[in-house]
Amino acid sequence: MTRYLISFGAHAMDHIPAEDMPDVARAAHAVCQEAIDAGVLVCTGGIQDQKARIVSADGTVTDGPGPEAIGGVMVIDVSSRDEAVKWAAKIAAACRCAQEVREFMPDPELDAMLRAADR
């Protein structure tokens, strides 16, 4: 299995009237429940509308870019990019906005660490 990041921009849902948001939330939660039931959901959530905090290698903390970066994310673990795109289509319909799909890089050493932690 491979993990994929499905995400959308911070302002991608600005076109949705406030009175429609409860319906959007219900639809998005239904897709999340479907992903849970299918055993593919790793994590998901909306990103707070705030500036990022940048922590440098020396520990210095500064304000980063504004909230325009990311509005929400879903991480899934599926067998193919095509399957990830199908999940992204479900989220796009529920959230009424386009979704981006990116594959996580493989990391066999990290995978082994996670398997050991599960034991």
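This is a predicted model: local features need pLDDT of at least 70, side-chain atom pairs count only at pLDDT 80 or more; totals for chains, interfaces and linings use all residues.
User: How many residues does helix α2 have, and how far does it reach?
Analyst: Helix α2 covers residues 81-95, which is 15 residues. From first C-alpha to last it reaches 20 Å, close to the 21 Å expected at 1.5 Å a residue.

User: Which residues in α2 are buried?
Analyst: Ala84, Trp87, Ala88, Ile91, Ala94 and Cys95 are buried. Seen down the axis of α2, the buried residues fall within an arc of 120°, so they line one face of the helix.

User: And what is exposed on the other side?
Analyst: Asp82, Lys86 and Ala93 are exposed there.

User: What covers the buried residues of α2?
Analyst: The cover includes β1 (2-8), α1 (21-38), β5 (72-78) and β6 (100-103).

User: What lies over the face of tryptophan 87?
Analyst: Lysine 90 does, at 4.3 Å from the ring centre.

User: What about cysteine 32, buried or exposed?
Analyst: Cysteine 32 is buried, at 13% relative accessible area. Its sulfur is 7.8 Å from the closest cysteine sulfur, in cysteine 95, again too far for a bond. Cysteine 95 also counts as buried, at 7% relative accessibility.

User: What happens just after α2?
Analyst: Arginine 96 takes a positive phi of about 60°.

How values were computed
Residues are numbered from 1 along each chain as its sequence is written. Side-chain values use heavy atoms; hydrogens and water are left out. A charge sits over a ring if NZ of Lys or CZ of Arg is within 6 Å of the ring centre and within 35 degrees of the ring normal. Helices (H or I, at least four residues) and strands (E, at least two) are DSSP runs, numbered from the N terminus. The expected span of a helix is 1.5 Å times one less than its number of residues. Buried means under 20% relative accessible area, exposed over 50%, partly exposed in between (1.4 Å probe, protein chains only). The arc is that of the directions from the helix axis to the C-beta atoms. Contact means heavy atoms within 4.5 Å. A disulfide is a pair of cysteine sulfur atoms within 2.5 Å.
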